[in-house]
Amino acid sequence: VDLSGGAQPMWTADGQIGVVFNGEIYNHVALRAELQKLGCDFQTDHSDTEVLLHAYARWGDAFVERLNGMWAFVIYDRARRRLFASRDRFAKKPLYYFHEGDTFGFASELPALREHSRCPHEVSRLSLKKYFAYCYIPAPRSIYERVWKDNRRRSTEKISTWDVLHTYASDYKVIFVGDASMSPYEITQPGGSVEYNNEEAGAV
């Protein structure tokens, strides 16, 4: 929506909150009107991306419960040193991600993520086996080693969110990969190393 005015990453006027987003928010017009009544000043004509910025700033993490649409996005909150990612209830837009050293990369499509120089390119033999067995690769694996995805279908009442900075290290580097075709998920992070071989990843 509003591709000409919705260049990404998009930032609030004070530069404190930024977002990258893939998808469409169907009720963005109604949300915009509600936010304008609360005093939010929009810079674009009808960008649903800007609605995400103001909604997060006004309502916090819970704003995702107000969204109707298909989406994957990541919001970077400078003041809170925080990444927040979310995707829609039916996982129409997946999130692919990797963590290599001090780099955390993410995108809604593998070709976009592969553009990053730190993105692993080694094909996973286990993922290939799963593809030949099931005709698809179950999450959280992707076709590449150490590149993960979360596109699991959830309850229609449950929106998937993920506080990345809380999961990873304090020296976390924010990486925006690709262009507006990339999409986020949910994230936060202060100190510690990343472990992908957790119960969730190991269950595949």
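A residue is called buried when its relative accessible area is under 20%. With that cut-off in mind, select strand E5, residues 95–100, in this predicted model. Leu95, Tyr97 and His99 point one way from E5, while Tyr96, Phe98 and Glu100 point the other way; all of them are buried. Because six of the six residues of E5 are buried, the strand is largely enclosed by the rest of the structure.

**The partners of E5**

E5 and E6 pair in the antiparallel sense over five bridges. Glutamate 100 has threonine 103 as its bridge partner in E6. The two strands form a hairpin with two residues between them, and in the turn glycine 101 has a positive phi of about 60°.

Now show strand E7, residues 148–150. E7 runs antiparallel to E5 and is joined to it by three bridges. Which residue of E7 is the bridge partner of tyrosine 97? Tryptophan 148 takes that place.

Is serine 108 buried or exposed? Its relative accessibility is 4%, so serine 108 counts as buried. Display the side chain of asparagine 22 as well: a polar contact of 2.9 Å joins it to the side chain of serine 108.

**Helix H2**

Select residues 48–59, which form helix H2. The 12 residues of H2 should span 16 Å at 1.5 Å a residue, and the end C-alpha atoms are 16 Å apart, which agrees.

Begin at the N-terminal end of H2, which is capped by serine 47. A side-chain oxygen of serine 47 lies 3.2 Å from the backbone nitrogen of threonine 49.

How many of the 12 residues of H2 are buried? The count is 10, and H2 is accordingly described as mostly covered. Among the buried residues are Val51, Leu52, Leu53, Tyr56 and Trp59. To see what covers the buried residues of H2, display strands E1 (10–11), E2 (17–25), E3 (69–77) and E4 (82–87), together with helix H1 (28–37); the cover includes these elements.

**The whole chain**

Return to a view of the entire protein, which has five helices and nine strands. Of its 204 residues, 51% are buried. The protein exposes about 10,100 Å², and carbon and sulfur atoms supply 48% of that area. Among contacts between residues at least 6 apart in sequence, 59% join residues at least 24 apart.

**Colouring by confidence**

Finally, colour the model by pLDDT. The protein averages 75, and 71% of the residues score at least 70. Confidence is highest in H1, at a mean of 96, and lowest in helix H5 (residues 199–202), at a mean of 29. Over residues 152–159 the pLDDT is below 50, and this stretch has 20 contacts in the model beyond near neighbours in sequence. Residues 168–204 also stay under 50; there the model has 146 contacts beyond four places in sequence. Where pLDDT is low, the predicted coordinates should not be read in detail.

Conventions
Residues are numbered from 1 along each chain as its sequence is written. This is a predicted model: local features need pLDDT of at least 70, side-chain atom pairs count only at pLDDT 80 or more; totals for chains, interfaces and linings use all residues. Side-chain values use heavy atoms; hydrogens and water are left out. Helices (H or I, at least four residues) and strands (E, at least two) are DSSP runs, numbered from the N terminus. The expected span of a helix is 1.5 Å times one less than its number of residues. Buried means under 20% relative accessible area, exposed over 50%, partly exposed in between (1.4 Å probe, protein chains only). Contact means heavy atoms within 4.5 Å. A polar contact is a pair of N or O atoms within 3.5 Å; within protein, one must be able to donate a hydrogen and the other to accept it, and residues adjacent in sequence count only if both atoms are side-chain atoms. pLDDT is the predictor's confidence in each residue, from 0 to 100. Accessible areas come from the Shrake-Rupley method with a 1.4 Å probe; for residues, only the protein chains shown count as cover. Two strands pair if DSSP finds at least two bridges between them.
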